[in-house]
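Visitor: Hi! I'm new to reading protein structures. Could you walk me through one?
Guide: Happy to, let's take a look together.

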Amino acid sequence: MKLLIEPKQNNLNEAQIHINGAKNALLPLLFSTPLVDGKTSFTNVPLQLKDYQGSKKILTRLGLTFEEGQDRVQILNNGLVQEGDLPSSLTKATRCSLYLLGSAAKKNGHIAIGLPGGCSFGRERRFDLHLDGLRALNAEVRVENGLISIRHLRDIDVQHTLAFPSVGATTNLILYATLGHKEVILSNCAVEPEIINLINFLNQCGAKIAVDTIHREVVVQGVTSLHASEMKLIPDRIQIMTYVVLAMMHKKRLHLKGVTSLGNLQTPLQSLVELGLTYDYQPKEGILIIHGDQLTSFKGLEMVCQPYPGFPTDLQPIFAMLGLVANSAGTIKDNVIPERTAYLDEIMKLGAEVMYKDRGILTQPINETLKGAAMCCTDLRGGMACVMAASVANGPSIISNADQVFRGYDNLLDNLSHFMHVTHLEKEQMVTALNVQNQVA
Ligand code: EPU
């Protein structure tokens, strides 16, 4: 899929965007449903997201049935079926297919799945921490011929320390420990809001999970079954901050609706306040008003991405785009996914000076106006960075492989249209696009 991005003239200086539930909250919830008997209900669900659609296909293959309506999905689990292995043609739709090792394997006693997908960031994303943890929890683990197979042996009391507070490994081990007869203590856990949301859901379903976010410890007392429950998804903190950054880049006053709390946004929002950004928050209405229109100029950012409550790696490419309109140089270090830099080569095609240097990303103020370019989305957030950069260029840009961005941003074209002209190119428009591409190449 290709997008044509053109700068918007006579731009209104006010915009309104509604924020739906978070992709990274939704996916672990979906993959927890193999553990839950009966009909589970999730609301505030971005049903159009490509990662939701891919997850639905996988879970349907396991025998779960989905009923969708507006922003709601009900998932019925009347017992899992598994005819043979789950092939990689299905599991590669999302990295979260790995969560079946924690949920479906524990519920049914075993599972064999193809390798997971998700953003690659230019090299294979490891899942050794998932497998090390599952082995520690007494699972028999095999990886051979492109399949990961897990067999549950018997429940044991166990204390396991993760080598790194991985979001995925923490999630998987919590899922695996939830059903059983023993106590599992997990140390050095990730405590991202999406994990807390999953724990709250599982506890609503009858699980016994306690979490100490300060000391990164989770204690799971196994229970024999989980009953169905209902949960409203937390808003997508990465989408919220993406649109806040766009409001700053385009000097807009932005009303964000559906922002139920600022708690999860503190670190990134505070870093923008330090640049001079002001905002109002109406908690009862869930409205966050960003005064991007009152910003004259701001300096380059200095920041380091760390596990939550540190600065999120998912915002690294997004915040790097602020460097394009800042008035001094900035640096960003990513200590969570340092290899997340492939998008920089695309951004430089616009004439921007953003580069990987000294194990960090260096952003320089623009000397000459950026020109339009043909760019390719390397991954979800890096793809969004390309779109954002194109919106401040002086001329049209074409962004290919844009499906990547639709994996994680819902209502994308409408939301972007507040800041830029954006056209989803259909086949017949490709010819015109090719002409533009020749102009911008
Ligand atoms: N890691 C390992 N081995 C593992 C697991 C992780 O070496 O077994 C390394 C990874 O290579 C990475 C770091 O640990 O360098 C962090 O990985 P983590 O497991 O925490 O990430 P994840 O669970 O694979 C989730 C999000 C990502 C987000 C990261 C970090 C979901 C579906 N995905 O991935 O979101 O970047 O946590 O916060 O929740 C995105 O939305 O664009 C996205 C990539």
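Guide: One term before we start: two strands pair if DSSP finds at least two bridges between them. Also, this is a predicted model.
Visitor: What stands opposite methionine 303?
Guide: That's isoleucine 332, in β19.
Visitor: And where do the side chains of β18 point?
Guide: They alternate along residues 302-305.
Visitor: How much of the protein is buried?
Guide: Buried residues make up 56% of the 441 residues.
Visitor: Why would you call its radius of gyration what you'd expect of a compact globule?
Guide: Because a compact globule with 441 residues would have a radius of gyration near 22 Å, and the protein has 22 Å, which agrees. Its C-alpha trace spans about 65 × 45 × 45 Å along the principal axes.
Visitor: What about contacts between residues at least 6 apart in sequence?
Guide: Of those, 74% join residues at least 24 apart.
Visitor: New topic: how many charged side chains, positive and negative?
Guide: There are 40 positive and 42 negative side chains, and the centres of the two sets lie 2 Å apart.
Visitor: Last one, what's the accessible surface?
Guide: About 18000 Å², with 47% of that belonging to carbon and sulfur atoms.

Technical notes: Residues numbered from 1 in each chain as written. Predicted model: local features only at pLDDT ≥ 70, side-chain atom pairs only at ≥ 80, totals over all residues. Heavy atoms only, no water. Rg over C-alpha atoms; globule rule 2.2 N^0.38 Å. Buried < 20%, exposed > 50% of the residue type's maximum accessible area, 1.4 Å probe, protein only. Contact = heavy atoms within 4.5 Å. Areas by Shrake-Rupley, 256 points an atom, 1.4 Å probe, with all protein chains shown as cover. Lys, Arg positive; Asp, Glu negative; His and termini not counted. Charge placed at Lys NZ, Arg CZ, Asp CG, Glu CD. Helix = DSSP H or I, 4+ residues; strand = E, 2+ residues; numbered from the N terminus.
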